[in-house]
Amino acid sequence: MDLNILALDMNAFKISWGLCLTVGLTVLLYYCFQRLDFSKLFKANSTFQIKTIILFISLAISIICSIGFCMLLDVVINFF
């Protein structure tokens, strides 16, 4: 029974790390992508579309990175 509780705590630990990493990376990548000049790719006065695409791109990259980090964390935890 104790091992079951420990496994649940490890899953909650990985989920919380993944969620915090996803939110943090999304904000960081969003501000980094805002520094790039996307206005050459879009029509004039299309700032809403540019910001929306930047948000989705930064969210996708941060989710991929956080999943990779959680998988690496799982490997390290299972190794020891």
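**Close-up 1. The salt bridge between Asp 74 and Lys 14.** Asp 74 and Lys 14 form a salt bridge whose closest N and O atoms are 3.0 Å apart; the term stands for a side-chain nitrogen of Lys or Arg within 4 Å of a carboxyl oxygen of Asp or Glu. This is a predicted model, in which local features need pLDDT of at least 70 and side-chain atom pairs count only at pLDDT 80 or more, while totals for chains, interfaces and linings use all residues. Residues are numbered from 1 along each chain as its sequence is written, and side-chain values use heavy atoms, with hydrogens and water left out. A search of the whole structure finds one salt bridge. Because Asp 74 sits in helix α2 and Lys 14 in helix α1, the pair ties together parts that are 60 residues apart in sequence. Helices here are DSSP runs of H or I with at least four residues, numbered from the N terminus.

Close-up 2. Is Lys 14 buried or exposed? With a relative accessible area of 17%, Lys 14 is buried, whereas Asp 74 is partly exposed at 27%. The cut-offs are under 20% relative accessible area for buried and over 50% for exposed, with partly exposed in between (1.4 Å probe, protein chains only). Leaving aside neighbours within four places in sequence, Lys 14 is in contact with Cys 70, Leu 73 and Asp 74, where contact means heavy atoms within 4.5 Å.

**Close-up 3. The aromatic pair of Trp 17 and Phe 69.** Which kind of pair do the rings of Trp 17 and Phe 69 make? Their centres are 6.1 Å apart and their planes lie at 50°, so the pair is tilted. Rings of Phe, Tyr and Trp (its six-membered ring) pair if their centres lie within 6.5 Å; planes under 30 degrees apart count as stacked, over 60 as edge-to-face and the rest as tilted. Since Trp 17 belongs to helix α1 and Phe 69 to helix α2, the pair ties together parts that are 52 residues apart in sequence. Trp 17 is partly exposed, at 42% relative accessible area, and Phe 69 is partly exposed too, at 32%.

**Close-up 4. Tyr 30 and its partner Tyr 31.** The structure holds two aromatic pairs, and Tyr 30 with Tyr 31 forms an edge-to-face one, 5.8 Å centre to centre with 70° between the planes. Tyr 30 counts as buried at 18% relative accessibility, while Tyr 31 counts as exposed at 51%. Beyond its neighbours within four places in sequence, Tyr 30 is in contact with Lys 51, Ile 54, Leu 55 and Ser 58.

**Close-up 5. The largest nonpolar core.** Six residues make up this core: Leu 29, Tyr 30, Phe 33, Phe 38, Ile 50 and Ile 54. The elements giving two or more residues to it are α1 (2-34) and α2 (47-79), and α1 gives the most, with three residues. A nonpolar core is a set of buried Ala, Val, Leu, Ile, Met, Phe, Trp, Tyr and Cys residues joined through side-chain atoms within 4.5 Å.

**Close-up 6. A nonpolar surface patch.** Phe 56, Leu 59, Ile 63, Ile 67 and Met 71 make a nonpolar surface patch of about 480 Å². Patch residues have over 30% relative accessible area and no salt bridge; like charges are joined within 9 Å, nonpolar side chains (Val, Leu, Ile, Met, Phe, Trp, Tyr) within 5 Å. Accessible areas come from the Shrake-Rupley method with a 1.4 Å probe; for residues, only the protein chains shown count as cover. Met 71, found in helix α2, counts as exposed at 57% relative accessibility.
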